[in-house]
Amino acid sequence: MKKILYILLFVPIALFGQTSFEELIENTSLNEGLSAFYPFNGNASDVSGNNLNGIVVNAQLATDMYDEIGSSYLISTESYIELPNIDLQSISLNVWVMNPHGTIISKHITASYNSSYILYVDEDSNQIIAYFTDINNSVQTAEFNLDLLVNDWNMLTMSVDSESISLYLNGQIINQDLGGIIKSTDYSTLIGASRHASGVIADGGHGGIDQLGVWDRALTSEEVELLFLGVTNGCTDSISVNYNDTANVDDGSCLSVEEYTIDSLETELLTLNEEATTSLSSLQQALDTWNTTIDLDAGWNMFGYGCPNPIDVVEGLSNYTDKISLVKDNNGSVYISEFSFDGIGNLTPGFGYQIKVTEAIEGFSLCDWYVNDIPEDNIVSLQEENASLQAELDSIYGCTGSWACNYDETAILNDGSCYDNDMGCGCDTPLPIDGYDCYGNQLIANIGDTIFGGIVFFIDSTGQHGLVAAMEDLTEGATDLSEWGFNGYEWGCYDEYEEGADGTSIGTGYQNTMDIVNQGCVTYFGGITAAQAAIDAEINDYSDWYLPSTYELIEMYNTIGNGGPEGNIGGFDTGNFPYYWSSSEDNEYYALGVDFIEGMTLGWLWKFDTCRVRPIRSF
């Protein structure tokens with residue numbers, strides 16, 4: 001089936017800010033699935049570590065995209081580069097080209113289905129074309145019109161997997177179509193050439209070529225863009241407070257609002273602690289200064305008034321009135337306590353005074369009143385604020401994992417306390433006794449039991465109902481029209497949309513099957529449909545079998561198939577093409593199936609493909 005799309009623009013982009021391929025591979029996901037990399041630095045050696053080294057045939061070394069002499073190749077008449085057999089089911093090819101004409105990369109025989117893939121420029125139509133042959137000998141193609149400017153390097157990327165074939169130009173996707181599994185062939189991959197049907201290598205390409213990378217998977221659009229733009233490190237999480245919209249590789253620096261808030265609080269607490277320590281220390285020093293005491297001898301003495309605020313001389317000396325005869329300031333004014341005569345008024349901070357006492361006074365001090373009158377909240381407020389901030393920080397920490405038994409929905413930052421001991425019946429609850437559910441209800445069957453005509457693969461929450469699969473695949477009336485090496489059934493209704501057969505969840509398989517049968521679906525090549533084969537089945541005295549939905553098939557894989565705890569006890573095929581039909585339709589051309597090697601949903605199966613059928617029934 002040939003699928004063709006056209007894009008009407010080819011815009012060569014001048015190179016700028018490129019990161020070396022080696023740096024990209026080392027620091028990003030581009031090292032995953034890398035099969036080969038050819039920098040063409042004077043030879044065609046593969047530097048990926050897989051030793052898929054190429055042989056240069058008459059191609060000339062040339063200046064590369066960085067103006068380095070002898071670091072790219074110029075392909076011309078009777079020249080090419082032969083690589084080993086790069087035989088992959090999925091592939092990504094990324095290459096820089098200048099003035100390309102004819103074949104760029106191929107594992108292809110002209111006018112033959114015995115081919116794998118090719119990327120080339122058609123000089124007659126001025127189109128760049130990428131296509132591959134799938135395992136059904138169908139050719140899937142993507143192509144687009146181009147207007148090449150001379151002497152410009154452009155990056156071309158071709159990727160193929162079971163979902164799609166995609167083409168990129170200078171990091172941007174320009175065409176995409178249906179994919180598939182690439183057909184395996186046993187000959188080498190060529191740069192700048194292809195093969196005739198006789199197998200002879202033919203001249204087929206011209207132009208500059210540099211930095212070819214090959215992966216065994218389809219690159220993502222983000223990875224292709226990264227190959228073109230290079231690495232810019234930074235925070236790539238758009239909801240982080242330090243998001244960098246120019247970064248394309250996350251450097252782990254992202255800060256969430258919560259983390260930023262916590263950092264701010266911790267900084268504020270640290271600053272406040274330092275300020276509190278300094279302030280309290282200063283206050284203590286001042287208090288120590290104000291609380292200075294002296295001893296007075298009987299007769300005349302001198303003292304300095306060092307308290308921070310003035311005070312009436314009578315009030316300030318009230319503790320010593322009975323021992324004071326006279327106080328004189330530097331203006332000659334006096335205070336005579338015996339006659340309650342006050343000519344001084346207030347004691348002034350920083351001034352000195354003469355004092356005559358009738359007897360010696362030990363521990364003479366004038367600032368007791370000030371120290372004792374300081375409000376408590378003015379002294380300890382900093383300590384209280386510290387304690388409040390610390391309590392706020394403590395409340396932020398807790399278990400933030402929603403999966404955990406001790407999940408704290410009010411916590412912002414994980415404190416490492418999360419745990420999960422739910423073994424199937426809830427947190428802190430042991431597993432049930434064999435034969436019973438978590439609530440003590442007796443079960444009538446267990447997963448893997450052979451009962452009710454098949455093998456149990458699903459039990460509902462009541463423990464009383466479930467689903468069983470037949471012990472073997474159906475074979476009666478099956479054919480091998482797809483040439484996959486086994487007999488199967490068409491899904492049917494090709495080029496028709498089946499009303500109602502769109503359920504995918506557990507419990508929808510029966511209704512899907514009835515919808516298919518009641519519509520009177522017919523097959524493309526003759527024979528019965530997969531749904532009809534399931535409905536017609538009589539197995540172990542049961543005749544109410546039907547075709548499972550997608551998630552019913554996946555449940556079978558996860559319980560009694562390869563993904564089950566006891567392995568493939570259901571006896572599903574895991575050889576070549578282990579594809580099983582579901583009753584779930586995708587569209588008028590495709591229906592969904594499941595690969596029973598990996599449990600993967602298959603969305604690319606044509607309705608006329610012949611796949612295996614394992615019917616199920618409910619109990």
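## Pockets

About 440 Å³ of space lies in the largest pocket of this structure, which is a predicted model. Its lining is made up of 20 residues, and those lying nearest the centre of the pocket are Gln89, Ile181, Tyr579, Asp595 and Met600. Strand β35, which spans residues 600-606, gives the largest share of that lining, namely three residues. Sorted by class, the lining of the largest pocket consists of 10 nonpolar, seven polar and three charged residues.

The second largest pocket has a volume of about 370 Å³, and of the 18 residues that line this second pocket, Pro432, Tyr436, Asp437, Cys438 and Leu443 are the closest to its centre. The lining of the second largest pocket divides into 12 nonpolar, four polar and two charged residues.

## Cavities

When the whole structure is searched, three cavities of 30 Å³ or more are found, and the largest cavity has a volume of about 80 Å³. This largest cavity is lined by 14 residues, with Ile75, Thr103, Ile104, His206 and Gly207 the closest to its centre. The elements that give two or more residues to its lining are β6 (91-107) and β16 (205-215), and the largest share, six residues, comes from β6. By class, the lining of the largest cavity holds six nonpolar and eight polar residues, with no charged residues.

## Salt bridges

The structure holds eight salt bridges, among them one between glutamate 82 and arginine 195, in which the closest N and O atoms are 3.8 Å apart. Because glutamate 82 lies in strand β5 (residues 80-83) and arginine 195 in strand β14 (residues 193-195), this pair ties together parts that are 113 residues apart in sequence. Glutamate 82 is partly exposed, its relative accessible area being 25%, whereas arginine 195 counts as buried at 8% relative accessibility.

Another salt bridge joins the side chains of aspartate 544 and arginine 617, at 2.7 Å from N to O. Here too distant parts of the chain are linked, since aspartate 544 sits in the loop between α8 (530-536) and α9 (550-560) while arginine 617 belongs to strand β36 (residues 616-618), 73 residues apart. Aspartate 544 counts as partly exposed, with 36% relative accessibility, and arginine 617 is buried, with a relative accessible area of 7%.

## A buried pair

Lysine 607 and glutamate 585 also meet through their side chains in a salt bridge, at 2.3 Å from N to O. Lysine 607 is found in the loop between β35 and β36 and glutamate 585 in strand β33 (residues 579-585), so that the pair links distant parts of the chain, 22 residues apart. Which side of the accessibility cut-off do these two residues fall on, buried or exposed? Buried means under 20% relative accessible area, and therefore lysine 607, with a relative accessible area of 0%, is buried, as is glutamate 585, with 7% relative accessibility.

## Surface patch

On the surface, Leu481, Tyr524 and Phe525 form a nonpolar patch, and together these residues have about 340 Å² of accessible area. Phenylalanine 525, one of the residues of this patch, has its place in the loop between α7 (509-518) and α8.

Conventions: Residues numbered from 1 in each chain as written. Predicted model: local features only at pLDDT ≥ 70, side-chain atom pairs only at ≥ 80, totals over all residues. Heavy atoms only, no water. 1 Å grid on protein atoms, 1.4 Å probe; cavity = no way out; pocket = protein on both sides within 12 Å on 5 of 7 lines; lining within 4 Å. Points joined across faces, edges and corners; volume = space filled by probe spheres on them. Helix = DSSP H or I, 4+ residues; strand = E, 2+ residues; numbered from the N terminus. Nonpolar A, V, L, I, M, F, W, Y, C, P; charged D, E, K, R; others polar. Salt bridge = Lys/Arg side-chain N within 4 Å of Asp/Glu carboxyl O. Buried < 20%, exposed > 50% of the residue type's maximum accessible area, 1.4 Å probe, protein only. Patch = residues over 30% accessible without salt bridge, like charges linked within 9 Å, V, L, I, M, F, W, Y side chains within 5 Å. Areas by Shrake-Rupley, 256 points an atom, 1.4 Å probe, with all protein chains shown as cover.
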